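Colleague: I am new to reading protein models. Could you walk me through a few features, one at a time?

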Amino acid sequence: MARDRFSTATRLRLLGEQTAARVYRSQNRRQARRSRLTGRAAFLALVVCSMIVALAYPTRQYVSQRNDIAEQKRLADEARERVERLRDEKARLQDDAYIKRLAREHLHMVMPGETGYTMVDPRAGQQPRDEEGGAGRPWYSNVWDDVDHADAGR
C-alpha cells in the first residue's frame with residue numbers, strides 16, 4: 001500500500017485553511033460591496049434629510065401665511081357686510097316715518113292728539129319671570145319689578 005504524501009490530519013488542516021480563506025474572501029467582498037452601498041445610502045439619506053429640514057420651516061411658514069390670508073379675507077368680507085348693513089340702517093334713519101315708527105314701537109310714544117293705552121295683564125305679577133329675565137316684556141316693566149322686589153328680602 002502506498003502511503004499518501006500527507007497524513008489525514010495534515011490534509012484536514014489544509015482543507016480547513018482553504019475553506020477559511022474562501023469564506024474570508026467572500027466576506028471581504030460582501031463587506032466591500034456592503035460598505036460601498038452603505039456609504040452611498042448614508043450620503044443619500046443625509047441629502048434627503050437636509051433637504052427636508054431645509055424645506056420644513058419655509059413650508060410651514062407658507063401654510064401658516066396662507067391660513068392667515070384666508071382668515072383676513074374672511075374678516076374683510078364680514079366687515080364689508082357689516083358696513084353695508086350700517087349704511088342701510090343710516091339710510092333708514094334719515095326717513096322721518098321710520099323714526100316715528102321706532103318711537104311708537106320701542107318707546108310707546110304717541111302723536112299729539114292721540115290717546116295712548118297700555119294693557120296690563122292682571123296675571124303678570126303672579127307669574128314668575130322666565131329664565132331670559134323677562135325679555136318679552138318692556139324694559140321699564142322689568143325695572144319696576146326689580147324696584148318692587150328690592151326690599152322684599154329684608
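Modeller: Gladly! Keep in mind that this model is predicted. Let's begin with a pocket: the second largest pocket holds about 150 Å³ of space.

Colleague: Now for salt bridges. How many are there in the whole structure?

Modeller: The general idea is that side chains of opposite charge can pair when their charged atoms come close. A search of the whole structure gives eight salt bridges. One of them joins Arg80 and Asp77, at 2.7 Å from N to O.

Colleague: Where do Arg80 and Asp77 sit in helix H1 relative to one another?

Modeller: They are three residues apart in helix H1 (residues 8–93), so about one helical turn separates them. Arg80 is partly exposed at 49% relative accessible area, and Asp77 is partly exposed at 39%.

Colleague: What about helix H2?

Modeller: There, Glu105 and Arg101 are four residues apart, again about one helical turn. Their side chains meet in a salt bridge at 3.3 Å, N to O. Elsewhere, salt bridges with shared partners join Glu71, Arg74 and Glu78 into one network.

Colleague: Last one: is Trp144 buried or exposed?

Modeller: Trp144 is exposed, because its relative accessible area is 55% and exposed means over 50%.

Definitions and conventions: Residues are numbered from 1 along each chain as its sequence is written. This is a predicted model: local features need pLDDT of at least 70, side-chain atom pairs count only at pLDDT 80 or more; totals for chains, interfaces and linings use all residues. Side-chain values use heavy atoms; hydrogens and water are left out. Buried means under 20% relative accessible area, exposed over 50%, partly exposed in between (1.4 Å probe, protein chains only). On a 1 Å grid over the protein atoms alone, a cavity is a set of points where a 1.4 Å probe fits but cannot get out, and a pocket is an open set with protein on both sides within 12 Å along at least five of seven lines; lining residues have an atom within 4 Å of a point. Grid points are joined across faces, edges and corners, and a volume is the space filled by probe spheres set on the points. A salt bridge is a side-chain nitrogen of Lys or Arg within 4 Å of a carboxyl oxygen of Asp or Glu. Helices (H or I, at least four residues) and strands (E, at least two) are DSSP runs, numbered from the N terminus.
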